[in-house]
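Trainee: May we go through this structure together? I should like to learn how to read it step by step.
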Amino acid sequence: MQLKNYMEEVVASVIKRVLKDANCCTCEKCINDVTAIALNNLPPRYIVTEEGELYLKFREIQQQYEVDAIAAILRAAEIVKKNPRHA
């Protein structure tokens, strides 16, 4: 069995598009900073990836998780844009 925070997958699937739309740097350091801040502000959604039914239930509500993730990414991007860790 493998335990996984499904929100990591959701954030990873939309972050580059959201950062581009937010006019935020998309270097690896900024992506990692935004990801960390966003995930720290989102509730974890743990799934067991071997359990197909459970995964399907999460897929049904993926759209709401995606909306939540986009909002958290936008808030995190503003923080990183104001305090980038590079020149």
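Trainee: Is Glu-78 buried, partly exposed or exposed?

Mentor: Glu-78 is partly exposed, with a relative accessible area of 38%. Buried means under 20% relative accessible area, exposed over 50%, and partly exposed in between, with a 1.4 Å probe and protein chains only. Please note that this is a predicted model, in which local features need pLDDT of at least 70 and side-chain atom pairs count only at pLDDT 80 or more, while totals for chains, interfaces and linings use all residues. Residues are numbered from 1 along each chain as its sequence is written, and side-chain values use heavy atoms, with hydrogens and water left out.

Trainee: Which side chain does Glu-78 meet in a salt bridge?

Mentor: The partner of Glu-78 is Lys-81, at 3.3 Å from N to O. A salt bridge is a side-chain nitrogen of Lys or Arg within 4 Å of a carboxyl oxygen of Asp or Glu. Both residues lie in helix α4, 3 residues apart, about one turn of the helix. Helices (H or I, at least four residues) and strands (E, at least two) are DSSP runs, numbered from the N terminus. Lys-81 counts as partly exposed, at 36% relative accessibility.

Trainee: How many salt bridges does the structure hold?

Mentor: It holds 3 salt bridges. One of them joins Lys-4 to Glu-9, with the closest N and O atoms 2.9 Å apart. Lys-4 is partly exposed at 29% relative accessibility, and Glu-9 is partly exposed at 26%. In another, the side chains of Arg-85 and Asp-33 meet at 2.9 Å, N to O. This pair links distant parts of the chain, for Arg-85 is in the segment after α4 and Asp-33 is in helix α2, 52 residues apart.

Trainee: And are Arg-85 and Asp-33 buried or exposed?

Mentor: Arg-85 is exposed, with a relative accessible area of 55%, whereas Asp-33 is buried, with 17%.

Trainee: Which other residues of α2 are buried?

Mentor: Along with Asp-33, the buried residues of α2 are Cys-30, Ile-31, Val-34 and Ala-38. Seen down the axis of α2, the buried residues fall within an arc of 165°, so they line one face of the helix; the arc is that of the directions from the helix axis to the C-beta atoms. They pack against α1 and α4, where contact means heavy atoms within 4.5 Å. On the other side of α2, Glu-28 and Asn-40 are exposed.

Trainee: What span should α2 have?

Mentor: At 1.5 Å a residue, its 13 residues should span 18 Å, and the end C-alpha atoms are 18 Å apart, which agrees. The expected span is 1.5 Å times one less than the number of residues.

Trainee: A new topic: where is Asn-23?

Mentor: Asn-23 is in the loop between α1 (6-21) and α2 (28-40). Its phi is near 60°, a positive value in a residue other than glycine. Asn-23 is exposed, with a relative accessible area of 68%.

Trainee: Lastly, which helix has the lowest mean pLDDT?

Mentor: Among the elements of the chain, that is helix α3 (residues 52-60), with 62, while α2 has the highest, 97. The pLDDT is the predictor's confidence in each residue, from 0 to 100. The mean for the chain is 88, and 85% of its residues reach 70 or more. Where pLDDT is low, the predicted coordinates should not be read in detail.
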